[in-house]
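Let's walk through the charged pairs in this one. Have the model open beside you as you read.

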Amino acid sequence: MAFVRVDDSEPLEKAIKRFKRMVEKEGIIREWKKREYYEKPSTINNRKKKALERKQMKKLRKIQSMKNY
């Protein structure tokens, strides 16, 4: 949970920036977007499978380009 203590002498904009940075660091927004709607388990599996295929293709292309060099 993000929590920011603001001193009397501290400008509010600076405290807001600090709060935003803290929220990004803790991954609160990422988690919220992930839970925004229900995703079927099969959809999750398909998405992960496609991501893995893209990653493997990228790695293969990188290896092939290094061989040609």
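Which residue's side chain meets that of glutamate 10 in a salt bridge? The partner is arginine 18, with N to O at 2.8 Å. A salt bridge here means a side-chain nitrogen of Lys or Arg within 4 Å of a carboxyl oxygen of Asp or Glu. Side chains of opposite charge can pair when their charged atoms come close.

A word on what you're looking at: this is a predicted model, where local features need pLDDT of at least 70, side-chain atom pairs count only at pLDDT 80 or more, and totals for chains, interfaces and linings use all residues. Numbering runs from 1 along each chain as its sequence is written, and side-chain values use heavy atoms, with hydrogens and water left out.

Back to that pair. Glutamate 10 has 17% relative accessibility, so it counts as buried, while arginine 18, at 29%, is partly exposed. The cut-offs are under 20% relative accessible area for buried, over 50% for exposed, and partly exposed in between (1.4 Å probe, protein chains only).

Searching the whole structure turns up three salt bridges, so there are others to visit. Take glutamate 31 and arginine 35: their closest N and O atoms are 2.5 Å apart. Glutamate 31 is partly exposed at 32% relative accessibility, whereas arginine 35 reaches 64% and counts as exposed.

Then there's arginine 47, which forms a salt bridge with glutamate 39, the closest N and O atoms being 3.1 Å apart. Arginine 47 has a relative accessible area of 45%, which makes it partly exposed. Glutamate 39 also counts as partly exposed, at 22% relative accessibility.
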